[in-house]
Amino acid sequence: MSVQGSSDVEIDTTLFVTISGPPGCGATTLCERLADAMGCPYVSGGDIFRELAEDRDMNLNQLIAKADESDELDRALDQRLQQIAEKWGMANKPFILESRLAGWLAGERADLRIWLDAPEDVRLARIDDRSESDAEMRVREVSEAGRYQSYYEIDIGDRSFYDLHINTARWSKTGVFNLVRTAIEEYDPERDEGSFTTPPIDI
């Protein structure tokens, strides 16, 4: 769990926000700045997954291969994220949950569900300085999509229930932050006509 320090931009809110997207979409950057502005913690599914890899003395590719062999790791991770979502969904305090399935796992507990994306070449350039290679990123995306479909019958490409879908290649980091900031500040819980609902996930 991460929490940032004070910021020159403050967002007065009690919203539970989920942020999802593929590797290199800009989710970490946005989460850090939002957590700073909202004065709240955030939990990253990616960080938890990496912790699982370190605990088992594996790299990401090795853990992905292990996850492909059994649903134990994925379900343990998703159950932990779902428990976090349940806790914060009832807290009436600001919180950010980030993972590929954050919107699905939080379901109706979340107030605002956001999907970030960018063209593959842009995302690959963004992860260039990370330990994960281009090939590893592609393997992870394909592997995860297959597991989500197999375990939960989730089509990760279905973004119809997200409240906000942003192509982060179109805006600067500050521009993306300001788009989300506006969405949070203008959020009206009474305007729920035609809203989408997420089906429950049986972990």
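Which cysteine sulfur is closest to the sulfur of cysteine 25, and how far away is it? Hold that question for a moment. What you see above is a predicted model. So let me start with the cysteines, then walk through the rest.

The answer is cysteine 31. Its sulfur is 8.6 Å from that of cysteine 25, which is too far for a bond. A disulfide would need the two sulfur atoms within 2.5 Å. Cysteine 25 is also buried, because its relative accessibility is 2%. Now cysteine 40. This residue is in no disulfide either, and its nearest cysteine sulfur, again that of cysteine 31, lies 9.2 Å away. Cysteine 40 is buried too, with a relative accessible area of 0%. The count for the structure is 0 disulfides.

Next, the overall layout. The protein has 8 helices and 6 strands. Read along the sequence, they come in the order β-β-α-β-α-α-α-β-α-β-α-α-β-α. There are 203 residues, and 45% of them are buried. What about contacts along the chain?

Now to helix packing. Two packed helices are described by the angle between their axes and the distance between the axes. I have two pairs to show.

Helix 1 covers residues 27–38, and helix 8 covers residues 173–185. Their axes are 10 Å apart, at an angle of about 50°. That makes the two helices oblique to each other. The crossing of helix 1 and helix 8 is right-handed. Which residues meet there? From helix 1, they are Thr29, Leu30, Arg33, Leu34, Ala37 and Met38. From helix 8, they are Lys173, Thr174, Val176, Phe177, Val180 and Ile184. By class, this contact has 8 nonpolar, 2 polar and 2 charged residues.

The second pair is helix 2 and helix 4. Helix 2 runs over residues 45–55, and helix 4 over residues 72–89. Their axes come within 11 Å and cross at roughly 140°. Are these two roughly antiparallel or oblique? They are oblique. The cut-off matters here, because roughly antiparallel means over 145 degrees. The crossing of helix 2 and helix 4 is right-handed. On the helix 2 side, the residues in contact are Gly45, Ile48, Phe49, Glu51 and Leu52. On the helix 4 side, they are Leu77, Arg80 and Leu81. This contact divides into 5 nonpolar, 1 polar and 2 charged residues.

On to the loops. Start with threonine 13. Where does it sit? Threonine 13 is in the loop between strand 1 (2–3) and strand 2 (16–20). Is threonine 13 buried or exposed? It counts as buried, at 12% relative accessibility. Leave out residues up to four places away in sequence, and threonine 13 touches Met38, Pro94 and Ile184. Glycine 39 is 26 residues from threonine 13 along the chain, and their C-alpha atoms are separated by 9.4 Å.

Tyrosine 162 is the next loop residue. Its loop lies between helix 7 (134–152) and strand 6 (164–167). Tyrosine 162 is buried, with a relative accessible area of 8%. Which residues does tyrosine 162 contact, leaving aside neighbours within four places in sequence? They are Ser20, Arg100, Trp104, Arg113, Ile114 and Trp115. Look at tryptophan 104 in that list. It is 58 residues from tyrosine 162 in sequence, yet the C-alpha atoms are 9.5 Å apart.

Last stop: backbone angles. Most residues other than glycine have a negative phi. Two residues here have a positive one. Aspartate 57 has phi near 55°. It lies in the loop between helix 2 and helix 3 (60–69). Aspartate 57 counts as exposed, at 72% relative accessibility. Asparagine 92 also has phi near 55°. Its loop runs between helix 4 and strand 4 (95–98). Asparagine 92 is exposed as well, at 58% relative accessibility.

How values were computed: Residues numbered from 1 in each chain as written. Predicted model: local features only at pLDDT ≥ 70, side-chain atom pairs only at ≥ 80, totals over all residues. Heavy atoms only, no water. Axes fitted to C-alpha atoms, helices over the stretch in contact; angles between N-to-C directions. Helix = DSSP H or I, 4+ residues; strand = E, 2+ residues; numbered from the N terminus. Parallel < 35°, antiparallel > 145°, perpendicular 65-115°, else oblique. Left-handed = near helix turned anticlockwise from the far one by under 90°. Contact = heavy atoms within 4.5 Å. Nonpolar A, V, L, I, M, F, W, Y, C, P; charged D, E, K, R; others polar. Buried < 20%, exposed > 50% of the residue type's maximum accessible area, 1.4 Å probe, protein only.
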